[in-house]
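Please look over the sequence and the model below, and then follow the explanation paragraph by paragraph.

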Amino acid sequence: MAEPMRGLSVTGLCLRAGTKSLVRDVSFTVAPGQVLGLVGTSGSGKSLTVMSLLGLLPADVQQTGGEVRLDGRRLDPANLSAIRGRALGFVQQAPRGGFNPLVTIGRHFRETLACDGVRGAAAEARMLSLLAEVGFAAPERLPDLYPSQLSGGMLQRAMLALALSREPDFLLADEPTTDLDLVVQQQILDLLERLVARRRLGLLLVTHDLSVIARLADHVAVMDGGSIVEEQPVAGLFAEPRHSRTQALLRAHFALYGEAQLP
Ligand SMILES: Nc1ncnc2c1ncn2[C@@H]1O[C@H](COP(=O)(O)OP(=O)(O)OP(=O)(O)O)[C@@H](O)[C@H]1O
Ligand SMILES: [Mg+2]
């Protein structure tokens with residue numbers, strides 16, 4: 001029997017809200033240790049695709065087709081919520097929205113770690129090691145702070161540490177740097193790059209920013225109007241974009257940044 005394909009794959013995903021089709025026949029695979037960039041204009045269906053992988057679709061959006069497989073094993077939509085967070089970590093755009101403002105950073109970690117039965121001194125040690133891994137030089141200062149006492153960049157690091165706390169094999173990041181200033185964006189991208197290499201994470205990186213793609217992605221899928229219109233290794237996408245939508249995205253990118261950021 002053939003080896004099951006390693007990775008997180010989605011096949012034939014279709015989403016609709018009532019009679020309106022939002023995502024049509026979307027398929028891709030995120031391989032371990034690889035970064036798949038998902039790009040496309042606003043409203044093209046990137047976030048809904050990510051949310052369906054996590055089993056977190058809005059109540060008014062229905063999945064009418066498609067399946068998700070993890071290393072060849074089909075994930076039952078009903079079990080997705082149990083798997084999300086353990087096999088799949090999630091990092092969202094505005095990190096502040098991912099934290100409860102009334103709860104310390106430490107308690108966020110303790111509650112997440114307790115889901116896997118890690119408590120007490122073991123939980124404290126694990127929290128500090130995760131915070132150190134995402135670049136906090138003095139991690140012991142974090143647990144007693146409230147989210148409002150952290151900058152956006154610090155919160156995004158803490159969010160990454162929290163996403164990693166359950167040792168996921170795959171990370172889904174939806175515009176993880178969009179709300180951060182340019183210096184902090186680069187720091188978070190450096191961090192993501194290190195985590196992918198060190199942990200052999202598979203990363204699905206949603207962004208509309210092609211400089212982020214040039215920097216981090218191995219493969220790129222381009223979404224337009226709810227479908228994937230092109231998928232290529234990153235060098236090919238920049239050198240020979242096939243679809244008119246990809247060509248338009250590249251033209252807009254080069255008009256802003258010049259050609260300095262080719263992969
Ligand atoms: N809860 C919802 N009910 C109905 N339609 C929705 C819902 N959420 C999103 N949509 C629609 O689905 C389409 C895809 O939305 P989605 O948020 O996935 O886009 P996106 O590619 O992530 O865009 P952006 O780059 O702006 O984040 C859009 O037309 C959007 O208006
Ligand atoms: Mg989005």
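**Cysteines, domains and a helix pair**

In this predicted model, the count of disulfides comes to zero, the criterion being a pair of cysteine sulfur atoms within 2.5 Å.

Turning to the overall division of the protein, the domain assignment gives domain 1, which is made up of residues 32–63, 76–87 and 170–263, and domain 2, which covers residues 100–167. The centres of domain 1 and domain 2, taken over C-alpha atoms, are separated by 25 Å, and the contact between them draws on 15 residues from domain 1 and 13 residues from domain 2.

A helix pair can be followed next. Two packed helices are described by the angle between their axes and by the distance between the axes. For helix α3, residues 105–114, and helix α4, residues 120–133, the axes come within 10 Å and cross at roughly 115 degrees, and the crossing of α3 and α4 is right-handed. On the α3 side, the contact is formed by Gly-106, Phe-109, Arg-110 and Leu-113, which meet Ala-123, Glu-124, Arg-126, Met-127, Leu-130 and Leu-131 of α4.

Notes
Residues are numbered from 1 along each chain as its sequence is written. Chains are lettered from A and ligands numbered from 1 in the order in which they are written. This is a predicted model: local features need pLDDT of at least 70, side-chain atom pairs count only at pLDDT 80 or more; totals for chains, interfaces and linings use all residues. Side-chain values use heavy atoms; hydrogens and water are left out. Axes are lines fitted to C-alpha atoms, for helices over the stretch in contact, and angles run from 0 to 180 degrees between N-to-C directions. Helices (H or I, at least four residues) and strands (E, at least two) are DSSP runs, numbered from the N terminus. A crossing is left-handed if the near helix is turned anticlockwise from the far one by less than a right angle, and right-handed if clockwise. Contact means heavy atoms within 4.5 Å. Domain bounds come from an automatic or database domain assignment.
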